[in-house]
Amino acid sequence: MLRHTRTAFAAVVCAVLALPAIAQELTGTMKKIKDSGTITIGNRETSVPFSYLDDKQQPIGYSMDICAAIVEEVKKELGLATLTVKYNPVTSQTRIPLMANGTIDIECGSTTNTLSRQKQVAFAPVTYITGTKLLVKKSSKIKSYKDLKGKTVVVTQGTTNERIIKALSDKDNLGIKFLNAKDHAESFLTVESGRAVAFSMDDILLYGLVGKAKNPKDFEVVGDYLSYDPYGMMYRKNDEDFGLVIRRAIAKLFASGDINKIYNKWFTEKLPSGETMGVPMSPLLKAAIQINALPE
């Protein structure tokens, strides 16, 4: 009887000791990265200064720098000496489908965290806060969305801004005509060429486009904020192992103050192309950083 009891006890001890190994077994994106030795970042090509291509066609920007810190945290968590980083361009329309089907592991761009998107993907803590305004030519004399009655406005397909300006047009019976563009650069060209009188988009992205324009003084960003848009990195829904690593990496940036260096690099200092955004950190973003700068 004693012998059987000891055998049973030993079996229980072995089972208990095995529990941590089972709990720590890799799943989801972390397993995918470990097995492949590669992490794939979804990057934007024209979202200045968050994620765009430099003169060598390499992805750079505020969001890309934050994602570089996330990559380092993933390497540390997995105990990898090296980790290959691949880039896969995404647009407003393709970013969520490419995340869902496994093509990209994290999206590092300028995506607004919304309840409807949370049904499809997960979001990292807020790294920027902006809102919808209008880009117009100064010669248009447009100062508000209410001045757009019967006029043509361009929108980038798949953005929250598209839905907002269309809803306002219906609500106020403005009869705005809409043109759809595949990305922000195409939307800007539509206004520049005169095919549309305004481009509805997050104000910070509009300032970035104006800064890179041939004749920046010809354009202005106008109107009251038409929306509240908190940006966050996207990753796959129900992938909490990966999500924890992402949140920890961002919390470290926030707690150390390194986020301020990254912010200044892209928003207050000269960009690689020579222009300056000249946008100091807002009180709203400072508060969001303080809230999420949690100790480990």
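**The largest cavity and its surroundings**

Modeller: By residue class, the lining of the largest cavity consists of two nonpolar, eight polar and four charged residues. In this scheme Ala, Val, Leu, Ile, Met, Phe, Trp, Tyr, Cys and Pro are nonpolar, Asp, Glu, Lys and Arg are charged, and the others, Gly among them, are polar. The model is predicted: local features need pLDDT of at least 70 and side-chain atom pairs count only at pLDDT 80 or more, while totals for chains, interfaces and linings use all residues. Residues are numbered from 1 along each chain as its sequence is written, and side-chain values use heavy atoms, with hydrogens and water left out.

The search runs on a 1 Å grid over the protein atoms alone: a cavity is a set of points where a 1.4 Å probe fits but cannot get out, a pocket is an open set with protein on both sides within 12 Å along at least five of seven lines, and a lining residue has an atom within 4 Å of a point. Points are joined across faces, edges and corners, and the volume is the space filled by probe spheres set on them. Over the whole structure, two cavities of 30 Å³ or more are found. The largest cavity holds about 70 Å³. It is lined by 14 residues, and those nearest its centre are R95, S110, T159, N161 and D202. Helix α6 and strand β12 (198-202) are the elements that give two or more residues to this lining; helices (H or I, at least four residues) and strands (E, at least two) are DSSP runs numbered from the N terminus.

With a relative accessible area of 2%, N161 is buried (under 20%; exposed is over 50% and partly exposed in between, with a 1.4 Å probe and protein chains only). Apart from neighbours within four places in sequence, N161 is in contact with T132, S200, M201 and D202, contact being heavy atoms within 4.5 Å.

T132 leads on to strand β9, which runs over residues 132-137 and pairs with β13 in the antiparallel sense over four bridges. Two strands count as paired if DSSP finds at least two bridges between them. Within this pair, L134 stands opposite V222 of β13. In β13 (residues 219-222), F219 and V221 point one way, E220 and V222 point the other way, and all are buried.

Next comes a sheet. Five strands form an open sheet in the order β5-β1-β6-β15-β7, with mixed pairing. Strands β5 (84-89) and β7 (121-123) are the edges, each pairing on one side only. Neighbouring strands are turned by 30° against each other on average, direction ignored. Helix α9 packs on this sheet, touching β1, β6 and β15, and its direction makes about 155° with that of β15; axes are lines fitted to C-alpha atoms, for helices over the stretch in contact, and angles run from 0 to 180 degrees between N-to-C directions. Inside the sheet, β1 (residues 38-43) and β6 (residues 106-108) pair in the parallel sense over three bridges. The bridge partner of N43 in β6 is C108. Between β15 (234-236) and α9 (240-256) a loop holds N238, which has a positive phi of about 60° although it is not a glycine. N238 counts as exposed, at 71% relative accessibility.

The open counterpart is the largest pocket, with about 280 Å³ of space. It has 13 lining residues, of which T46, V48, A185, L209 and K212 lie nearest its centre. Helix α7 gives four residues, the largest share of this lining. By class, the pocket lining has eight nonpolar, one polar and four charged residues. V48 is also joined to P49 by a cis peptide bond, with omega about 0°. P49 lies in the loop between β2 (46-47) and β3.

For the whole protein, the count is 11 helices and 15 strands. Of its 296 residues, 47% count as buried.
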